[in-house]
Amino acid sequence: MNSAHAVQTPVSRVPFYLSLLVAFHIAIVIASNYLVQLPISLLGFHSTWGAFSFPFIFLATDLTVRLIGKVEARRVITRAMLPALLVSYIVGVIFHEGRFNGWEALQTFNSFVFRIALASFAAYVLGQLLDIQVFDRIRQKSHAWWMAPAAASVFGQALDTAAFFSIAFWRSADPFMAANWVEIALVDYVIKLAVSLLLFVPAYGVVLAALVRSMRMPTAATAAP
């Protein structure tokens, strides 16, 4: 795994990967904004289904920094944040509270859903930028492949979770979320962290190794007699 530090994505493939990552980020933000409206109970604690979907973004971001660089990773965030905000609001209104409300629901401005979309926008930008910074700095100093994604998840998801729940649900119009958002945020963070450290950090290692092998195959084929 240490040998992977010298591998970079071919320049000709960067625009394709950037477009793919932007679309992936937007899709996960939209899905998470919908799923965060659906509360669940785990071992007596309140949480939401969004805790299980959002860590996908951190996996994608860490791989982006590793293979393309933090400048390009920030470019993904810049391109994804406004479309994600707009589409998240539309999807949130149409499927408010987990049910289809029809396209006519868009005729009335929904301040509750907009607040969630805005909170997601702020949390996404802040959390991802911190994740990129922490990941890149630790990656340059540590030879342990798992250290950078693990540390980035700890700090990035903490900021993301705190920003999202405080902006979305502090004194919310939803009585349940207004009363329980701190508990839900803490449980949500624990779940995200557990999912990230137990599932997505190992997945990062597996995907990175696979990508490194695929990038080296053309070179090996060319060098063969």
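Predicted model: local features only at pLDDT ≥ 70, side-chain atom pairs only at ≥ 80, totals over all residues.
How do the axes of α3 and helix α6 (residues 147-169) cross, and within what distance do they come?

Residues are numbered from 1 along each chain as its sequence is written, and side-chain values use heavy atoms, with hydrogens and water left out.

First, the overall layout. The protein chain has seven helices and two strands; here helices (H or I, at least four residues) and strands (E, at least two) are DSSP runs, numbered from the N terminus. Reading from the N terminus, the order of elements is α-β-β-α-α-α-α-α-α. Of the 225 residues in the protein chain, 47% are buried. By buried I mean under 20% relative accessible area, with exposed being over 50% and partly exposed in between (1.4 Å probe, protein chains only). Looking at contacts (heavy atoms within 4.5 Å) between residues at least 6 apart in sequence, 76% join residues at least 24 apart.

Now, back to my opening question. The axes of α3 and α6 come within 11 Å, and they cross at roughly 135 degrees. Axes are lines fitted to C-alpha atoms, for helices over the stretch in contact, and angles run from 0 to 180 degrees between N-to-C directions. That angle makes α3 oblique to α6. For the naming, angles under 35 degrees count as roughly parallel, over 145 as roughly antiparallel, 65 to 115 as roughly perpendicular, and the rest as oblique. The crossing of α3 past α6 is right-handed, which is the label when the near helix is turned clockwise from the far one by less than a right angle, left-handed being anticlockwise. If you have the model open, look for P55, F58 and D62 on the α3 side, meeting P149, A152, G156, Q157 and D160 on the α6 side. By class, this contact has four nonpolar, two polar and two charged residues. Nonpolar covers Ala, Val, Leu, Ile, Met, Phe, Trp, Tyr, Cys and Pro, charged covers Asp, Glu, Lys and Arg, and the others, Gly among them, are polar.

Let's stay with α3 for a moment. This helix spans residues 55-67, and its 13 residues reach 19 Å from first C-alpha to last, close to the 18 Å expected at 1.5 Å a residue; the expected span is 1.5 Å times one less than the number of residues. How many of its residues are buried? The count is 12 of 13, so α3 is mostly covered. Among the buried ones are F58, D62 and R66. Just after α3, G69 takes a positive phi of about 120 degrees.

Helix α4 (residues 70-94) packs against helix α5 (residues 111-141) at about 165 degrees, their axes 9 Å apart. That makes α4 roughly antiparallel to α5. Here too we have a right-handed crossing, of α4 past α5. This contact has 18 nonpolar, four polar and three charged residues.

Within α4 sits R79, which is partly exposed at 41% relative accessible area. R79 touches L18 and V22, leaving aside residues up to four places away in sequence. Its C-alpha is 9.4 Å from that of A23, 56 residues away along the chain.

One last stop: R171, in the loop between α6 and α7 (175-223). R171 has a positive phi of about 55 degrees although it is not a glycine, and R171 is exposed, at 65% relative accessible area.
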